[in-house]
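Work through the exercises below with the sequence and the 3D view at hand. Each task is followed by a solution in steps.

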Amino acid sequence: MLLKAGIGWRDVPVFVAGSLLPDVLARVPPLAVELLARPLGGAPPWVSYVWVPMHLPVGMLVLSFSLCLLFPAPRRRVVFANLLGGMALHLGLDLLQDHQGVGYQLLFPLWGRPVELGIFGSEDSVLVAPVLAVLALGAWWRRRSRAPA
Amino acid sequence: MFSVGVLVLLALGLTYARTATSFRGGLFACREAPPTCDGARQVLPLYRVDGVAEDGFTVSKVARNVRVVADPAGLEVGDTVSVSGTFRAADGAVVATSVQTHGLRRHKKALGLLALVLALAWAPRCFAWRGGHLVLRG
């Protein structure tokens with residue numbers, strides 16, 4: 001939202017959806033499967049791994065393209081760009097985290113070497129997120145109060 | 001075309017899963033054939049501690065019940081840790097060279113869940129289904 005506040009407010013919901021989808025589609029399902037299967041001794045590993053490409057560039061491209069097809073034809077380019085932009089922002093921030101070298105295979109399926117920059121810890125966002133949320137709410141509120149009735 | 005995209009995503013997912021579970025030197029391959037992997041470097045990111053013993057602890061995530069040889073001081077069942085170490089063929093354990101405890105992991109999950117719930121609650125105000133297409137409201 002803060003990024004969109006800086007570059008223009010159009011299609012914010014699509015951009016925000018794009019920034020959430022990588023975790024919603026690639027992290028939540030394996031966590032849910034892991035929790036549900038724990039009493040049964042666990043799920044087979046492929047059930048957890050099969051979601052991962054949606055958190056990688058190739059999966060984000062396919063996902064953005066597929067989802068933009070749900071919108072009317074004249075809007076598809078804008079929706080595609082905003083979805084992909086949100087996902088790219090998400091992945092860009094994740095790349096800054098440190099996972100002890102287990103990063104992201106940016107060129108999957110062509111090249112399997114994981115990449116991460118390791119600039120901050122994977123939980124450091126917990127300290128920053130509330131501040132950013134308040135700033136985003138402030139930006140949204142300011143825009144809302146300035147909008148013509 | 002939408003369903004083609006879903007099929008492509010499924011194919012990518014299955015390819016990733018096959019690669020992740022079979023690559024040489026990976027934990028799954030090492031546990032299948034321990035003698036081929038003695039000393040292979042292993043990283044277990046964000047694993048859950050399942051049990052604590054005197055000489056180490058066991059962790060699970062995608063791989064289950066992985067024994068880690070390390071000082072378990074301060075660890076409790078349910079903690080999240082990232083472990084770097086080497087595979088020991090004799091007993092299939094990972095001998096840790098570093099163990100990082102993620103004390104804020106629960107908070108991060110809670111924040112993520114809160115964001116997801118808020119987004120789902122807000123979505124009907126932003127999107128609608130009209131004339132066979134998804135449209136933005138407003």
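A nonpolar core is a set of buried Ala, Val, Leu, Ile, Met, Phe, Trp, Tyr and Cys residues joined through C-beta atoms within 7 Å. The model used here is predicted.

**Exercise 1. The core**

Task: State how many residues the largest nonpolar core has, and which residues have the most contacts inside it.

Solution. 
- Step 1. The largest nonpolar core has 46 residues.
- Step 2. The residues with the most contacts inside this core are A:Tyr49, A:Leu63, A:Leu83, B:Tyr16, B:Val59 and B:Val83.
- Step 3. Helix 2 of chain A gives the most to the core, with 6 residues.
- Step 4. Take B:Val59 and leave out residues up to four places away in sequence: its contacts are B:Leu44, B:Tyr47, B:Arg48, B:Val49, B:Asp50, B:Val66, B:Val68, B:Val81 and B:Val83.

**Exercise 2. The outline of chain A**

Task: Give the order of the elements of chain A from the N terminus on, and the percentage of its residues that count as buried.

Solution. 
- Step 1. Chain A has 7 helices and 2 strands.
- Step 2. Read from the N terminus, the order is α-α-α-α-α-α-β-β-α.
- Step 3. Chain A has 149 residues, and 27% of them count as buried.
- Step 4. The C-alpha trace of chain A spans about 60 × 40 × 35 Å along its principal axes.
- Step 5. Of the contacts in chain A between residues at least 6 apart in sequence, 51% join residues at least 24 apart.

**Exercise 3. The side of chain A that touches chain B**

Task: Find which helix of chain A supplies the largest share of the side that touches chain B.

Solution. 
- Step 1. The contact involves 38 residues of chain A and 38 residues of chain B.
- Step 2. On chain A, at least two residues of this side come from each of helix 2 (12-26), helix 4 (45-49), helix 5 (57-68) and helix 7 (125-146).
- Step 3. Helix 5 of chain A supplies the largest share, 6 residues.
- Step 4. Sorted by class, the side of chain A that touches chain B has 25 nonpolar, 10 polar and 3 charged residues.

**Exercise 4. The barrel of chain B**

Task: Trace the order in which the strands of the chain B barrel close.

Solution. 
- Step 1. In chain B, 5 strands close into a barrel in the order 1-2-3-5-4, with mixed pairing. From one strand to the next, the twist averages 55 degrees.
- Step 2. Strand 3 (residues 66-69) and strand 5 (residues 93-101) of chain B pair in the parallel sense over 2 bridges. Here B:Val69 stands opposite B:Val95.
- Step 3. Strand 4 and strand 5 of chain B pair in the antiparallel sense over 8 bridges, and B:Phe87 has B:Val94 as its bridge partner in strand 5. These two strands form a hairpin with 4 residues between them, and B:Gly92 in the turn has a positive phi of about 75 degrees.
- Step 4. Strand 1 (residues 41-52) and strand 4 (residues 80-88) of chain B run antiparallel and are joined by 6 bridges. B:Gln42 has B:Gly85 as its bridge partner in strand 4.

**Exercise 5. Backbone exceptions**

Solution. 
- Step 1. Most residues other than glycine have a negative phi, and most peptide bonds are trans.
- Step 2. A:Asp11 has a positive phi, near 60 degrees. This residue lies in the loop between helix 1 (2-7) and helix 2 of chain A.
- Step 3. The cut-off for a buried residue is 20 or more other C-beta atoms within 10 Å.
- Step 4. B:Leu46, in strand 1 of chain B, has a positive phi near 55 degrees.
- Step 5. The peptide bond from A:Phe108 to A:Pro109 is cis, with omega near 5 degrees. A:Pro109 lies in the loop between strand 1 (97-98) and strand 2 (120-121) of chain A.

**Exercise 6. A loop residue**

Task: Locate A:Tyr104 and list its contacts beyond four places in sequence.

Solution. 
- Step 1. A:Tyr104 is in the loop between strand 1 and strand 2 of chain A.
- Step 2. Its contacts beyond four places in sequence are A:Leu56, A:Leu91, A:Asp94, A:Leu95, A:Pro114, A:Val115 and A:Glu116.
- Step 3. A:Tyr104 and A:Pro57 are 47 residues apart in sequence, and their C-alpha atoms are 9.5 Å apart.

Key: Residues numbered from 1 in each chain as written. Chains lettered and ligands numbered in written order. Predicted model: local features only at pLDDT ≥ 70, side-chain atom pairs only at ≥ 80, totals over all residues. Buried ≥ 20, exposed ≤ 12 C-beta atoms within 10 Å, placed from the backbone. Contact = placed C-beta atoms within 7 Å. Nonpolar A, V, L, I, M, F, W, Y, C, P; charged D, E, K, R; others polar. Pairing = 2+ DSSP bridges. Axes fitted to C-alpha atoms, helices over the stretch in contact; angles between N-to-C directions.
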